Amino acid sequence: MAAIRSRNTKPEWVVRRWLWHRGFRYRLNDRRLSGHPDLVLRKYRTCVFVNGCFWHGHRVGETSERLGEGGGQMFDLESSVCCKIPHTNRPFWVAKIRRNRERDQQTLERLREMGWHTVTIWECELKGAQCEATLTALVNTLREIGLRERPAPKPYEYDDYYDFELPVAAEDKKSYT
Ligand SMILES: [Zn+2]
């Protein structure tokens with residue numbers, strides 16, 4: 001994915017600036033992790049992906065399978081508001097975007113298996129009036145995760161707090177889809 005996710009694109013900058021000014025610290029494009037997440041917040045065990053709507057096929061419909069030429073299976077994608085699949089050379093774009101979506105899915109699964117929380121922010125969610133709500137939600141999510149990820153107190157310290165929530169599994173992540 002690194003090849004198509006260019007560095008320092010504007011949507012990513014918006015997210016970074018917002019988090020930085022609120023005291024969150026992160027590592028960029030950590031190569032040790034699957035999919036080289038755009039932002040890695042180690043303290044929160046969270047990877048944040050800022051996805052371009054076109055390349056990552058945001059909200060596209062995966063339509064029913066059809067029979068392609070020669071009897072093979074073919075899957076199509078339906079354009080969405082923020083991901084318009086070009087008419088020219090359409091099969092190429094469909095295949096490419098499908099591949100990217102599959103890879104994204106695999107990346108998220110792999111990270112969650114490793115105990116990371118994952119958050120995906122879409123380019124269109126950072127536009128205009130939506131932007132602040134998206135970023136506020138991101139900060140809230142990180143704070144929630146931060147509370148859960150705090151090391152549990154030693155047993156003798158929480159005799160009176162048996163109803164405390166136990167840390168929640170990593171797959172209970174927040175995804176902005
Ligand atoms: Zn979008």
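How far should the 24 residues of H2 span, and how far apart are its end C-alpha atoms? At 1.5 Å a residue, H2 should span 34 Å. Its end C-alpha atoms are 35 Å apart, which agrees. The expected span of a helix is 1.5 Å times one less than its number of residues.

This is a predicted model: local features need pLDDT of at least 70, side-chain atom pairs count only at pLDDT 80 or more, and totals for chains, interfaces and linings use all residues. Residues are numbered from 1 along each chain as its sequence is written.

Start with the overall layout. The protein chain has three helices and six strands. Helices (H or I, at least four residues) and strands (E, at least two) are DSSP runs, numbered from the N terminus. Read from the N terminus on, the elements run α-β-β-β-β-β-α-β-α. The protein chain has 177 residues, and 24% of them count as buried. A residue is buried if 20 or more other C-beta atoms lie within 10 Å of its own, exposed if 12 or fewer, and partly exposed in between; C-beta atoms are placed from the backbone. Take the contacts in the protein chain with a separation of 6 or more: residues 24 or more positions apart account for 56% of them. Two residues are in contact if their C-beta atoms, placed from the backbone, lie within 7 Å.

Now the sheet. Four strands form an open sheet in the order S1-S2-S3-S6, with mixed pairing. Strand S1 (27-28) and S6 stand at the edges, each with a single partner strand, so one side of each is left without a neighbour in the sheet. Two strands pair if DSSP finds at least two bridges between them. S3 and S6 run parallel and are joined by six bridges. In this pairing, Thr46 stands opposite His117 in S6. H3 packs on the sheet and touches S2, S3 and S6. The direction of H3 makes about 175° with that of S6. Such angles run from 0 to 180 degrees between N-to-C directions, and axes are lines fitted to C-alpha atoms, for helices over the stretch in contact. Cys47 also has a bridge partner in S6, namely Thr118.

Is S6 mostly covered or mostly open? S6 is mostly covered, with six of its six residues buried. In a regular strand the side chains alternate between the two faces of the sheet. His117, Val119 and Ile121 point one way from S6. Thr118, Thr120 and Trp122 point the other way.

Next comes the core. In soluble globular proteins, nonpolar side chains tend to be buried together. A nonpolar core is a set of buried Ala, Val, Leu, Ile, Met, Phe, Trp, Tyr and Cys residues joined through C-beta atoms within 7 Å. The largest one here has 26 residues. Those with the most contacts inside this core are Leu39, Leu41, Cys47, Val48, Ile121 and Leu142. At least two core residues come from each of strand S2 (39-41), strand S3 (46-51), helix H2 (90-113), strand S6 (117-122) and helix H3 (130-149). Leu41 touches Phe24, Tyr26, Thr46 and Leu142, not counting residues up to four places away in sequence.

Turn to helix H1 (residues 10-21). Its 12 residues should span 16 Å at 1.5 Å a residue, and its end C-alpha atoms are 17 Å apart, which agrees. The buried residues of H1 are Pro11, Glu12 and Val15. They cover an arc of only 100° around the axis, which puts them on the same side of H1. That arc is taken from the directions from the helix axis to the C-beta atoms. What covers these buried residues includes S2, S3, S6 and H3. The face turned away from the buried side of H1 carries the exposed residues Lys10, Arg17, Trp20 and His21. Just after H1, Gly23 takes a positive phi of about 85°.

Back to H2. Its buried residues are Val94, Ile97, Leu108 and Leu111. Gln106 also sits in H2. With 12 C-beta neighbours inside 10 Å, Gln106 counts as exposed. The C-alpha atoms of Gln106 and Gly35 are separated by 8.9 Å, although the two residues are 71 residues apart along the chain. Just after H2, Gly115 takes a positive phi of about 90°.

Finally, look at the loop between S1 and S2. Asn29 is found there. Phi of Asn29 is near 45°, a positive value in a residue other than glycine. Asn29 counts as partly exposed, with 15 C-beta neighbours inside 10 Å. His36 lies in the loop between S1 and S2 too. His36 has a positive phi of about 45°, although it is not a glycine. With 17 other C-beta atoms within 10 Å, His36 is partly exposed.
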